[in-house]
Amino acid sequence: MANHKGTEKPNIVRIVLIVLVILAGVTVFVLSLSKPEKDVDPDFDITIQTESDENQTEEYGDLEDESRSDSPVSELESLNVDVFKDTGWVHYLLIGLDNRKDTFEGGRSDALMIFSVNEKDGRIVLSSMPRDTMVYINGKGYDKITHTYAYGRAKLLVETVERNFDIDIRHYFTINFAGMEKVVDALGGVPMELTQAESDHMLSFFEVGGTTAGMNNLTGKQALTYCRIRKIDSDFARTERQYKVLLAIYDKVKAMSPVKYPSLITAMYDYFYTDCTVAECIDIGQALMSLGADSIENVKLINEESGTGRKINGTYYFLVNDMEETMKQWRTYMGVGDYTPSEGMVDISDYLKENY
């Protein structure tokens, strides 16, 4: 009888090695994948749901009601789209959509923030802007920035942010309402102190209860509702609430063991559209956690003093008085001393000053 004992162990080892090589290849492949939104040709003929359709009508007092002429789109199509590169900084675009269902199609950017990281100086800056800010949208003309995503999704929105604010965007991260809820719930909720007015409004206006004035541990649905509040004060106050929720999420993640970061980011990856690969997301997340929670600074890219709110053809817009000066002030805060505004942004700024 032949003796096979000498060949059994090598064969088992060989099979195990082959399996490990296959698994390693699959892991590398998965980590190298990105999940960007599908590129679509901008559709400027779509009908965008109005604020009143959502029962979100706001009171604007005695804002001036103007009629504006059609934007001279053709004059801006050939603008220089080169944007300024901020030395030492990497900028990411965070896009929160107002979709009510678990989808990324259509919808508006209900929350829009620039997430800037300077690893050398150990700084993280979160810069917010009002959703009603009037901007130039390539191919469309002038409209409020929140509509940009509905017209052409993340690609057009990134381009619009770069053109109007002269900020070079490295990557974007898009999340909808459903994803926001899931992320917060996956973390076991987030602590948040609410005023009586905020708690009451969540129940009376959004029909989301379970909160009280004072400290709460918000569920995903409650956190999302809190981020959407603006009727009791303003859109600027809402961006402040969104910042608080993001910081609370950051604190919860930072309190976790670093060994859990890859699995958490991989799980959260399902709730996002981004042009980052999984591996890049893990690298970014680990870099952010290493800088510390105290490193996050909150600044309004566009603040109340930057411009004025006005109704134009019955629609409310926030008009920046001088975009060029506003971006110079932002760069001063960031510590960028060599800022030279791009030609395209200056042309947009000048047009807004002259016509609005």
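**Strand S3 and its partners**

I started at Leu94, which stands opposite Met113 in S4. The model is a predicted one, and I kept that in mind throughout. I then looked at how the two strands run: S3 and S4 (residues 109-118) pair in the antiparallel sense, with 8 bridges between them.

Next I asked which strand runs parallel to S3. I found S8 (residues 169-175), joined to S3 by 6 bridges.

**Nonpolar cores**

I moved on to the largest nonpolar core, which holds 47 residues. Which members touch the most others? I noted Met180, Tyr226, Val245, Ile249 and Leu288. Helix H9 (residues 278-291) supplies the largest share of this core, 7 residues.

Setting aside neighbours within four places in sequence, I see Ile249 in contact with Met180, Val184, Leu187 and Val190.

Apart from that core I found another, made of 37 residues, including Phe84, Leu97, Val135 and Met334.

**Pro191**

My last stop was Pro191, in strand S9 (residues 190-194). Is Pro191 buried, exposed or partly exposed? I have Pro191 down as partly exposed because its relative accessibility is 41%, which falls between the 20% and 50% cut-offs.

Beyond four places in sequence, Pro191 is in contact with Met215, Asn216, Asn217, Ala248 and Lys252. I looked up the distance for one of these: Pro191 and Met215 are 24 residues apart in sequence, with 6.8 Å from C-alpha to C-alpha.

Key:
Residues numbered from 1 in each chain as written. Predicted model: local features only at pLDDT ≥ 70, side-chain atom pairs only at ≥ 80, totals over all residues. Heavy atoms only, no water. Core = buried A, V, L, I, M, F, W, Y, C linked by side-chain atoms within 4.5 Å. Buried < 20%, exposed > 50% of the residue type's maximum accessible area, 1.4 Å probe, protein only. Helix = DSSP H or I, 4+ residues; strand = E, 2+ residues; numbered from the N terminus. Contact = heavy atoms within 4.5 Å. Pairing = 2+ DSSP bridges.
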